[in-house]
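Student: Please take a close look at the charged side chains with me. I would like to see how they pair up, and then where they sit in the chain as a whole.

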Amino acid sequence: MGFRRHGPFQAGDQVQLTDPKNKRHTITLKEDGVFHTHKGAIPHSDLIGQPEGSVVRSSGGTQYLAFRHLLQDYTLAMPRGAAVIYPKDASMIVGMADIFPGARVIEAGVGSGALTCFLLRAVGPDGHVTSYERREEFADVARKNVEKFYGGPMDDNWRLVVGDLVHSIDEVDVDRVILDMLAPWECVDAAAKALTPGGVICCYVATTTQMSKTVETIRDHGCFTEPHAWETLVRDWHVEGLAVRPDHRMIGHTGFLVTARRMADGVTPPPRRRRPKGTTEEL
């Protein structure tokens with residue numbers, strides 16, 4: 001967790017180079033390395049020792065803006081074994097599931113490791129993330145992606161288990177359980193047994209059918225508060241002088257999120273208050 005994220009560039013740092021057309025390239029700096037492009041070459045020595053936000057020029061005369069990449073940039077560009085959770089959803093999971101420094105988090109369905117990177121950053125050096133992945137080939141890709149971003153093994157903060165959550169889980173009193181899989185309702189009971197009272201379950205699903213099944217399973221389980229389901233849409237804006245308008249394209253639907261909190265053992269949730277049909281007045 002001590003991987004450098006600020007200060008002058010050094011050998012071993014991952015640097016994002018952006019050209020005038022906003023095309024981005026990520027390189028790992030080496031003392032004798034050279035970045036080659038059809039617009040010319042850039043010796044890594046031109047970057048080493050320079051502050052972030054510097055501009056370097058290729059041998060062909062093209063200027064590149066140099067920064068360490070942000071986590072959102074890294075996760076969108078990382079090699080994939082499975083689809084990644086987009087930064088807009090990963091950010092909502094960290095925020096709405098209240099992933100805090102020092103938290104103990106279980107993640108099931110590690111995919112390519114994008115969400116794992118966000119979770120590890122959120123729990124900090126005193127927290128811990130355990131990730132369960134059924135497919136070994138996906139787990140291998142995820143491990144490489146996570147270790148590349150953080151600059152090495154994360155053994156003190158992260159445990160990656162190849163196996164099914166329901167049959168492999170061995171933790172109790174965890175703070176958060178994040179489920180990213182085709183059938184998260186199959187893991188609701190295992191999540192309830194692992195979570196401490198007050199803990200949060202958060203499920204990420206792609207379709208309304210999955211969302212409905214997940215919500216009803218959590219609702220019927222009896223150990224959770226009323227589940228909350230929603231999605232997040234992101235729309236950029238074009239701002240240039242008085243020309244202020246929404247962009248023609250936006251990041252629309254990527255997935256639904258469902259959250260609920262673990263109640264204390266033996267507690268019966270209060271009955272749901274429903275509006276009677278044909279009226280807007282609540283009971």
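Tutor: Start with Arg-219. Its relative accessibility is 24%, so it counts as partly exposed. Keep in mind that this model is predicted. The partner of Arg-219 is Glu-216, and their side chains form a salt bridge of 2.9 Å, N to O. Glu-216 is partly exposed too, at 35% relative accessibility. Both residues belong to helix H7, which runs over residues 208-221. They are three residues apart there, so about one helical turn separates them.

Take one link of it. The side chains of Arg-68 and Asp-13 meet in a salt bridge, at 2.7 Å from N to O. Arg-68 is in the loop between strand E6 (63-67) and helix H1 (71-77), while Asp-13 is in the segment before strand E1 (14-18), so the bridge ties together parts that lie 55 residues apart in sequence. Are these two buried or exposed? The cut-off for buried is under 20% relative accessible area. Arg-68 has 5% relative accessibility, so it is buried. Asp-13 has 3%, so it is buried as well.

Now turn to Arg-134 and Asp-164. Their side chains also meet in a salt bridge, 2.7 Å from N to O. This pair links distant parts of the chain, with the two residues 30 apart. Arg-134 sits in the loop between strand E8 (128-133) and helix H4 (136-150). Asp-164 sits in the loop between strand E9 (158-162) and helix H5 (165-168).

The chain carries 33 positive and 36 negative side chains. The centres of those two sets are 5 Å apart.

Step back to the whole chain. Its secondary structure consists of seven helices and 15 strands. Of its 283 residues, 44% are buried. Among contacts with a separation of 6 or more, 62% join residues 24 or more positions apart. The accessible surface is about 15100 Å², and carbon and sulfur atoms hold 52% of it.

For burial in a helix, look at H3, residues 114-123. Nine of its ten residues are buried, so the rest of the structure largely encloses it. Among the buried ones are Leu-115, Cys-117, Phe-118 and Val-123. Gly-124 follows H3 and has a positive phi, near 75°.

Asp-98 is not a glycine, yet its phi is positive, near 55°. Most residues other than glycine have a negative phi. Asp-98 lies in the loop between helix H2 (87-96) and strand E7 (104-108). With a relative accessible area of 43%, it is partly exposed. Asn-22 also has a positive phi, about 70°, and is not a glycine either. Find Asn-22 in the loop between E1 and strand E2 (24-28).

Methods: Residues are numbered from 1 along each chain as its sequence is written. This is a predicted model: local features need pLDDT of at least 70, side-chain atom pairs count only at pLDDT 80 or more; totals for chains, interfaces and linings use all residues. Side-chain values use heavy atoms; hydrogens and water are left out. A salt bridge is a side-chain nitrogen of Lys or Arg within 4 Å of a carboxyl oxygen of Asp or Glu. Helices (H or I, at least four residues) and strands (E, at least two) are DSSP runs, numbered from the N terminus. Buried means under 20% relative accessible area, exposed over 50%, partly exposed in between (1.4 Å probe, protein chains only). Contact means heavy atoms within 4.5 Å. Accessible areas come from the Shrake-Rupley method with a 1.4 Å probe; for residues, only the protein chains shown count as cover. Lys and Arg count as positive and Asp and Glu as negative; His and the chain ends are not counted. The place of a charge is taken as NZ of Lys, CZ of Arg, CG of Asp or CD of Glu.
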